[in-house]
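I opened my notebook to jot down what I looked up in this structure. Come along and follow the entries with the model in view.

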Amino acid sequence: FAASPPRRRATQGPERMPLDRNAFIHAAAPFDAQAHGQPLTGYACRFRLEAYHDALYPDHGLRLPPQLARAVAKRRGEFLAGRLCARRALARLGIASADIAIGPDREPLWPAGAIASISHAGDRAVCLASADPRVIGLGIDIESRIDARLAGEIRGVVVDVAEQAVIEAGFDDAVAGLAAAFSAKEALYKALYPQVRAFFGFEAMRLARVDEGRLRFLAAADLSPTVRAGQAFEVDIAFEDGGVRSIACCL
């Protein structure tokens with residue numbers, strides 16, 4: 001499943017002119033979170049794609065990365081919103097960062113002393129960060145609400161029959177439960193990527209248990225010397241803004 005490396009490449013499309021210089025980002029605010037007892041620092045915003053323009057990058061002191069040279073305006077706008085949240089989350093930790101480079105697997109390259117994660121869905125973007133050296137992996141994922149039709153299309157990809165049974169037993173709304181499992185696996189991929197350093201699919205992490213506000217997964221295979229088959233991982237989930245937010249933190 002996709003995660004820290006962006007989900008797909010986009011082809012170039014027409015740019016959209018901004019309504020005004022300050023119209024793109026709105027409802028921006030810091031937030032705090034916890035996972036595994038670790039305090040985490042975040043920043044979230046909403047953005048208006050109809051107000052996006054490439055000139056917003058230099059306006060905000062950022063550089064449009066060459067990897068997005070052929071991306072559609074939607075992808076460029078999502079990327080900008082995510083990077084602005086990241087810069088502000090890092091600033092809350094006292095870490096100054098202008099551009100956050102893109103790594104060889106399209107992962108964000110965080111400044112020394114920090115680890116973070118970015119996600120966006122619909123018109124929302126969010127970044128969660130930590131400067132605690134004990135945190136070796138961090139992942140956040142936000143997803144919009146899904147309907148029964150979309151759930152039917154992705155169910156066999158995201159979970160197997162046994163996992164679906166866990167969802168149906170643990171959630172009153174199985175569609176919301178599937179969205180939570182999807183989001184949690186995305187967040188867990190991001191958190192484990194620094195250890196695994198390779199793509200792995202939804203099937204690599206199997207949903208084992210549903211608790212209040214938390215999902216437990218078991219690794220289905222050895223993914224790295226530090227991520228072994230049968231190893232347990234927990235992801236905190238919360239239903240909010242009509243969708244779901246997941247946070248995975250590895251110590």
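**Entry 1: a helix pair**

I started with the way H4 passes H5, and I noted a right-handed crossing. I kept in mind that this is a predicted model. H4 covers residues 161-170 and H5 covers residues 174-196. I looked up how they pack: the angle is about 120 degrees, and the axes are 9 Å apart. That angle makes H4 oblique to H5.

Next I asked myself which residues of H4 meet H5. On the H4 side I found Glu163, Gln164, Ile167 and Glu168. Their partners in H5 are Ala174, Gly177, Leu178, Ala181 and Lys185. I sorted the residues of this contact and got 4 nonpolar, 2 polar and 3 charged.

**Entry 2: the cores**

I moved on to the largest nonpolar core, which has 36 residues. Which of them touch the most other members? I wrote down Leu188, Leu192, Met205, Leu215 and Phe217. Two or more residues come from each of these elements: helix H3 (148-158), H5, strand E6 (205-211), strand E7 (214-219), strand E8 (232-240) and strand E9 (243-250). H5 gives the most, with 14 residues.

Leaving aside residues up to four places away in sequence, leucine 188 touches Met205, Phe217, Phe233, Val235 and Ala248. Another core, of 33 residues, lies apart from the largest one, and its members include Cys45, Ala81, Ile95 and Ile102. A reminder to myself: in soluble globular proteins, nonpolar side chains tend to be buried together.

**Entry 3: phenylalanine 202**

I found phenylalanine 202 in the loop between H5 and E6. Is it buried or exposed? Phenylalanine 202 has a relative accessible area of 10%, so it is buried, the cut-off being under 20%. I also checked its distance to valine 159, which is 43 residues apart from phenylalanine 202 along the chain. Their C-alpha atoms are separated by 7.1 Å.

**Entry 4: two positive phi values**

Histidine 36 has a phi near 55 degrees, a positive value in a residue other than glycine. I located histidine 36 in the loop between strand E1 (25-35) and strand E2 (38-47). Its relative accessibility is 38%, so histidine 36 counts as partly exposed.

Arginine 197 also went on my list: its phi is positive, about 55 degrees, although arginine 197 is not a glycine. Arginine 197 lies in the loop between H5 and E6. At 45% relative accessibility, arginine 197 counts as partly exposed.

Note on methods
Residues numbered from 1 in each chain as written. Predicted model: local features only at pLDDT ≥ 70, side-chain atom pairs only at ≥ 80, totals over all residues. Heavy atoms only, no water. Axes fitted to C-alpha atoms, helices over the stretch in contact; angles between N-to-C directions. Helix = DSSP H or I, 4+ residues; strand = E, 2+ residues; numbered from the N terminus. Parallel < 35°, antiparallel > 145°, perpendicular 65-115°, else oblique. Left-handed = near helix turned anticlockwise from the far one by under 90°. Contact = heavy atoms within 4.5 Å. Nonpolar A, V, L, I, M, F, W, Y, C, P; charged D, E, K, R; others polar. Core = buried A, V, L, I, M, F, W, Y, C linked by side-chain atoms within 4.5 Å. Buried < 20%, exposed > 50% of the residue type's maximum accessible area, 1.4 Å probe, protein only.
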